Amino acid sequence: MSLVKLTASALAVAAVSATAAAARDNVQVAGSSTVLPYASIVAEAFGENFDFPTPVVESGGSSAGLKRFCEGVGENTIDIANASRKIKDSEVKACADAGVTDIVEVRIGYDGIVFASDIKGAKFVFTPEDWYKALAAELPDADGKLVANPNTSWSEVNADLPNQKILAFIPGTKHGTREVFEEKVLLAGCEEAGAFEAMTAAGMDKKEATSKCVGVRTDGVSTDIDGDYTETLARIAANPEGLGVFGLAFYENNMDKLQVATMSGVLPSTESIATGEYPVSRPLYFYIKKAHVGVIPGLQEYAEFFVSDEIAGPDGPLAAYGLVSDPQLAETQALVAADKVMGE
Amino acid sequence: MTDATANSPALPDRKHSGSLMEHTARTRRRNNAEKRFRAYGLAAIGIGLAALIVLLVSILSQGLPAFSQTFVTMKVYLDPAKLDKSGTRDIEQIKKVSTFGYAPLIRAAMQETMTANGIDPEKFGLSEKAAEEMISKEGAAQLRNFVIAHPDQIGQTVEFKFLADSRIDGYFKGRVSMASAKLDSNVSPAQLQLADALKKAGVLKVGFNWGFITNPDASENRPEAAGIGVAIIGSLYMMIIVLCLALPIGVAASIYLEEFAPQNWFTDLIEVNISNLAAVPSIVFGILGLAIFINWAGLPQSAPIVGGLVLTLMTLPTIIISTRASLKSVPPSIRDAALGVGASKMQSVFHHVLPLAMPGILTGTIIGLAQALGETAPLMLIGMVAFVREFPAAPPEGFFDPASALPVQVYNWTQRADPAFTERASGAIIVLLIFLLSMNFLAIILRRRFERRW
């Protein structure tokens with residue numbers, strides 16, 4: 001008897017699932033794990049202050065988010081992709097091939113990338129050059145010929161740095177943060193050190209020289225972290241000699257465990273990043289599928305609320321959490337209000 | 001005995017066949033081997049137990065604080081000048097004031113509370129803003145919800161029980177100390193001193209954290225408000241779906257295979273495949289679920305229905321294998337007797353074999369469910385690793401609403417920046433373990449009470 005009942009209820013469930021065509025009434029967001037805390041803060045406040053349901057926010061990385069974003073138009077695809085980097089041309093093309101042609105690009109502010117070590121360890125004062133010399137797989141010698149990186153301690157890289165073993169935990173290649181690290185630290189350091197010039201002078205073309213500049217050594221000195229900053233923090237707790245790459249907001253939440261290094265003499269803070277003095281920062285974005293605006297209730301309102309002064313402004317909760325607010329926020333607000341698509 | 005020794009070809013060359021009491025070298029060797037084996041066995045159990053104890057101690061010591069929470073009780077004056085500028089008490093006008101408009105009320109109430117309790121705000125050198133920050137940001141939302149529900153209370157002074165900020169809460173749990181507060185930009189030693197004073201005055205109290213069980217997830221700005229409510233509901237819905245689908249399908253499949261199907265290469269093939277499926281890594285089912293249920297069937301993402309269907313696929317082999325085993329263990333004499341008194345094949349199965357096999361089937365089902373309850377990997381692919389704050393509706397519609405799940409919530413929280421979430425993740429693990437333990441316990445009871453031995 002109970003078997004009959006169970007079968008009947010199973011059939012009912014199957015029947016309901018077969019006719020699942022009810023309109024989705026919540027906004028769905030996915031993408032960068034760096035943007036996730038900000039997006040969840042906004043989603044929470046949005047749910048509290050509007051009559052729409054709280055948006056569902058997933059993480060998974062910028063690339064994964066944009067890939068899902070570009071799967072097509074329709075209720076079972078996401079409405080917004082968060083990204084800690086600009087959308088690539090290849091991704092725009094993949095989107096267009098799947099029918100996602102109108103994309104609104106929204107810059108929400110800037111995020112600082114900081115270099116931190118264990119609170120009990122030595123203090124560090126870095127320049128991008130130090131990082132390049134410490135982590136590059138191959139360094140050019142006096143004749144511009146590439147040799148494997150011989151440096152094993154920070155004092156070998158720069159006499160002003162403590163005599164401590166080089167051990168770095170840097171974001172893995174699936175993270176948008178890695179790109180910024182390569183571009184703003186390794187490449188910048190490579191140019192500062194004159195290595196880029198030396199390589200091109202030795203007859204290397206620019207593209208190859210760039211890839212040599214950002215090529216990280218694989219002899220165990222540097223470890224790619226594919227997980228989140230919590231993993232980097234755990235690695236530093238286990239290896240007090242290590243240096244980790246973190247987001248500013250993450251560091252600010254763990255100041256009792258980490259001490260931050262200066263970069264080119266500037267201490268990272270929301271202020272020094274806003275003024276552009278601190279060199280390692282990057283803009284954060286989210287991308288809206290225009291075809292879903294007006295179809296998914298609350299999507300337009302969520303986007304406008306995200307960039308409103310009371311949220312993304314300098315006194316808003318996002319800035320309090322660690323986002324460096326965008327000086328051109330008013331322009332972004334106008335762009336979102338008009339739903340201006342990319343390339344227009 | 002004597003015959004055996006006489007016929008055995010190995011024994012005659014044994015020279016000495018003395019008393020059993022006398023220990024020859026060979027006996028000693030054998031005894032020592034046994035002793036060593038016992039020691040290995042004990043060591044293996046010891047290692048296992050030690051691992052279990054370390055795990056439990058670390059989870060309990062980290063997670064138990066999640067079940068207590070610091071609250072601040074304050075009287076708040078619901079200022080009409082701030083909440084209802086039009087003075088009409090029109091609900092639409094009141095709704096226009098966002099939670100940001102409610103923060104000043106908490107700021108004022110904090111100052112009011114300090115003076116009322118004879119605490120001099122000047123003494124701590126805290127700004128009004130710093131004092132307000134000791135209350136969770138959830139407070140403003142709490143006020144706004146109250147005012148929208150009771151617009152007639154505007155202009156009154158109402159008592160509220162607010163959550164304390166996670167750092168203040170952490171101070172009373174030993175996670176934050178004066179030394180760490182000095183280094184932390186989110187909390188200052190002065191705030192902790194004020195918290196001590198408030199506790200002495202009875203304004204601030206530590207109590208059981210029901211919110212942890214009933215609240216939805218919260219953003220990184222307010223870990224103190226985060227709970228596992230949505231995750232419990234999501235897990236429950238998925239278990240209902242798994243039970244309703246996997247049990248009938250699994251039992252029907254095994255009865256057919258065991259009792260009715262002809263023995264040929266085709267049924268052998270099916271059997272091998274079922275055993276294989278049981279060993280397939282669960283992430284594979286997630287990929288399958290994403291491709292079939294979301295991309296092809298168009299079911300919603302992050303919904304318990306998809307999670308439930310994926311977990312059903314994962315649980316089916318477990319249920320089929322255990323059901324077939326328990327059907328097999330019913331002796332053939334039962335079937336023969338039923339057939340002998342004129343029952344049909346189906347009657348013999350449903351009236352006699354199945355009831356006798358039921359305890360085994362249920363045990364297998366419960367173990368399968370417990371396995372599904374703790375599964376995370378396949379859920380990551382179907383969008384259930386998400387920040388979900390809305391409770392899903394009642395079933396069946398609720399099966400299609402976004403939800404989270406317990407193991408997923410643990411995974412989510414361990415990735416967040418604020419250390420308060422680590423505590424909550426361990427708390428969620430404790431809840432998950434309690435569910436798993438009680439399910440396994442139920443399975444044991446069923447087996448002990450109803451299983452028949454032949």
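In the predicted model, chain B is divided by the domain assignment into domain 1, residues 69–207, and domain 2, residues 229–450. The centres of domain 1 of chain B and domain 2 of chain B, taken over C-alpha atoms, are separated by 46 Å.

Chain A is likewise assigned a domain 1 and a domain 2. Domain 1 of chain A comprises residues 25–109 + 282–338, and domain 2 of chain A covers 112–281. Between the C-alpha centres of domain 1 of chain A and domain 2 of chain A the distance is 30 Å. The contact between these domains involves 15 residues from domain 1 of chain A and 16 residues from domain 2 of chain A. On the side of domain 1 of chain A that touches domain 2 of chain A, two or more residues come from each of α3 (62–69) and α15 (317–321) of chain A. By class, this side of domain 1 of chain A consists of five nonpolar, eight polar and two charged residues.

Within chain A, strand β3 (residues 80–83) is paired with two other strands, β1 (residues 28–31) and β13 (residues 281–289). Strands β1(A) and β3(A) run parallel and are joined by three bridges, with A:Ala30 standing opposite A:Ala81 of β3(A). The pairing of β3(A) with β13(A) is antiparallel and extends over four bridges; here A:Ala83 has A:Tyr285 of β13(A) as its bridge partner. In a regular strand, side chains alternate between the two faces of the sheet. Both faces of β3(A) are covered. A:Ile80 and A:Asn82 are buried on one side, and A:Ala81 and A:Ala83 are buried on the other.

The contact between the chains takes 42 residues from chain A and 41 residues from chain B. On the side of chain B that touches chain A, at least two residues are supplied by each of α8 (138–149), α10 (178–183), α13 (229–260) and β4 (386–387) of chain B. The most is given by α13(B), with six residues. The residues on this side of chain B comprise 22 nonpolar, 13 polar and six charged.

Strand pairing also links the two chains. Strand β2 (residues 56–58) of chain A pairs with β4(B) in the antiparallel sense over two bridges. In this pairing, A:Val57 has B:Phe387 of β4(B) as its bridge partner. Strand β4(B) is also among the elements that supply at least two residues to the side of chain B that touches chain A.

Definitions and conventions
Residues numbered from 1 in each chain as written. Chains lettered and ligands numbered in written order. Predicted model: local features only at pLDDT ≥ 70, side-chain atom pairs only at ≥ 80, totals over all residues. Domains from an automatic or database assignment. Contact = placed C-beta atoms within 7 Å. Nonpolar A, V, L, I, M, F, W, Y, C, P; charged D, E, K, R; others polar. Pairing = 2+ DSSP bridges. Buried ≥ 20, exposed ≤ 12 C-beta atoms within 10 Å, placed from the backbone.
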